[in-house]
Amino acid sequence: MASHAANLWVLLGLGLAGILLMTKRLKKTIKADFGAFIQKLELLPPPQPAPPKAPHPLTNLNFAVSDVFDIEGFVTGFGHPDWLRTHEASSRTSPVVLALVEGGASCVGKTVVDELAYSIHGENKHYSTPTNPSAPARIPGGSSSGAAVAVAANFVDFSLGIDTLGGVRVPAAFCGVIGFRPSYGVVSHTGIIPVSSSLDTVGLFAKDPNILRRVGLVLLQLPFSVQRNPRQILLADDCFQLLKIPMDRVLQVVANSTEKHFGRQVLKHENLEKYFSSKVPSLKEFYSQKINVDSKISSIRLLTNVAQFLQRYEFKCMHEEWINSEKPVLDSAVSAQINETLDMTDKEIEICKSIRTEMRLAVNSLLKDDGILVIPTTAYPPPKLGSKEIFSEDYQNCMFSLLSIASISGCCQVTLPLGYHDKCPVSVSFIARHGGDRFLLDTVQTMYSSLQEHADTVAKSKLSHNAVNQEHSAEVAKEKGNQAYKDKQWQKAIGFYTEAIKLSGNNATYYSNRAAAYLELGR
């Protein structure tokens, strides 16, 4: 009996030592700033105006900018050391950054972006991948990864990024913060390195919806208007079919919050695949020119391919000469996309322009001045670091099907966090018509608190239901283990006890029973 107890203590000791060692290793890999910043700096606001004038609207706020924004005296790095090496320091600061500083906020640094701001994953082998504060074992999302991490880790009140095909929306979703992609063209692109001129939009990260709105009003230079409530909130049913987590985890939260503020009659349902098929005829015309396309391919999938073609084409027009001259070392996935042979005729470019115009008209017609379209921000939860999942065809198709809607239409979109599912951040996106930015920000400010409350309620109710089921299953597994132990089937008993531990890891009986079975097996 004494030897059994001694052996049990040895097993427990080894387990604790392993846990401590893994914890120590994990701490070593996380930098003090979570790897978010590539350069610290300080741009201070002007002095406050004398009373009775109002103080600056962004007083006492600090922010960071992705390393695609020019700041006087600093080289804009574009996520690659070869770009940094081959370019001069900026002679002027981006007007967007200046407007925020003059509005009372302090700029404290530049943050990491993906290589040439091209990917949506957030991984950068040259500057290391910023750590996702909400899920450290998972990617932060990109391209504006560092900007999202800086907000999620509470280093800054807000930050700026660039969104081409999800560069702000994806990291916001993966890091559990608010991400805002304004309407295309309403924010100046001057002093920002372009990725794709017809898709790029300056984006904004924040944790607090009030800060998002304050900064948004300065960023967009919007005139005062009376706040309006939405008269229709459209749930895109076919888009929610793409979700890899239970749809109800998001839909129930949105429905409950909508009902609380505006009444259930405001909720409506829409099938975007059918709607875009009828309203955007140039989609299929483009593909009849480019490749032989099966007419059964969905309009949203076609939209995805158009967006990716546009991004590659415009990126190459802007940066191909530098790439051919400097031959930078690029991530294989980025290199494959950038170097893909892509010949577009003038007619195909004109069809792309028609698609953008038709998409904007279609979304504007659907939502009018008082509608909100609700879609998942991303189909997948954040993949694990180093996962091959991000290269799968399904991952790419599902992600870009959702992201291309706002990118091609140019409409404004906000990504909103909704707690966690299986320890991963959950989000939802609201889209308003092009130019409906103030209406969208007002709606977010109205609904945000109740969205968080309902997300918490839904998560807890599902968690308690699941916990009861798991505890019952764990007890069943334990009883099977006990029977196997009585029958001296030690290996079988260990398997059942291990299953019980996986289902309910807080029950000491399961561990002691398994340890006893191990000891009998070793006799």
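Okay, let's start at a helix pair: W490, Q491, A493, I494, Y497, T498, A500 and I501 in helix 16 meet Y510, Y511, N513, R514, A517, Y518, E520 and L521 in helix 17. Contact here means heavy atoms within 4.5 Å, and helices (H or I, at least four residues) and strands (E, at least two) are DSSP runs, numbered from the N terminus. Sorted by class, the residues of this contact are 11 nonpolar, three polar and two charged. For the classes, Ala, Val, Leu, Ile, Met, Phe, Trp, Tyr, Cys and Pro count as nonpolar, Asp, Glu, Lys and Arg as charged, and the others, Gly among them, as polar.

Quick word on the source: this is a predicted model, where local features need pLDDT of at least 70 and side-chain atom pairs count only at pLDDT 80 or more, while totals for chains, interfaces and linings use all residues. Residues are numbered from 1 along each chain as its sequence is written, and side-chain values use heavy atoms, with hydrogens and water left out.

Back to the pair. Helix 16 covers residues 490-503 and helix 17 covers 508-521; they pack at an angle of about 160°, with axes 9 Å apart. The axes are lines fitted to C-alpha atoms over the stretch in contact, and angles run from 0 to 180 degrees between N-to-C directions. Helix 16 and helix 17 are therefore roughly antiparallel, a label for angles over 145 degrees.

Now, cavities. How many cavities of 30 Å³ or more are there? The count comes to one. A cavity is a set of points on a 1 Å grid, over the protein atoms alone, where a 1.4 Å probe fits but cannot get out, and lining residues have an atom within 4 Å of a point. The largest cavity has a volume of about 120 Å³, volume being the space filled by probe spheres set on the points. Its lining has 13 residues, with T378, Y380, P425, V426 and S427 nearest the centre. Strand 11 gives the most to that lining, with three residues. By class, the lining has 10 nonpolar, two polar and one charged residues.

Most residues other than glycine have a negative phi, and most peptide bonds are trans. P51 and P52 are joined by a cis peptide bond, omega about 10°, and P52 sits in the loop between strand 1 and strand 2. G142 to S143 is also cis, with omega near 15°. Then there's F34, with a positive phi near 60°, in the loop between helix 1 and strand 1.

Conventions: Angles under 35 degrees count as roughly parallel, over 145 as roughly antiparallel, 65 to 115 as roughly perpendicular and the rest as oblique. On a 1 Å grid over the protein atoms alone, a cavity is a set of points where a 1.4 Å probe fits but cannot get out, and a pocket is an open set with protein on both sides within 12 Å along at least five of seven lines; lining residues have an atom within 4 Å of a point.
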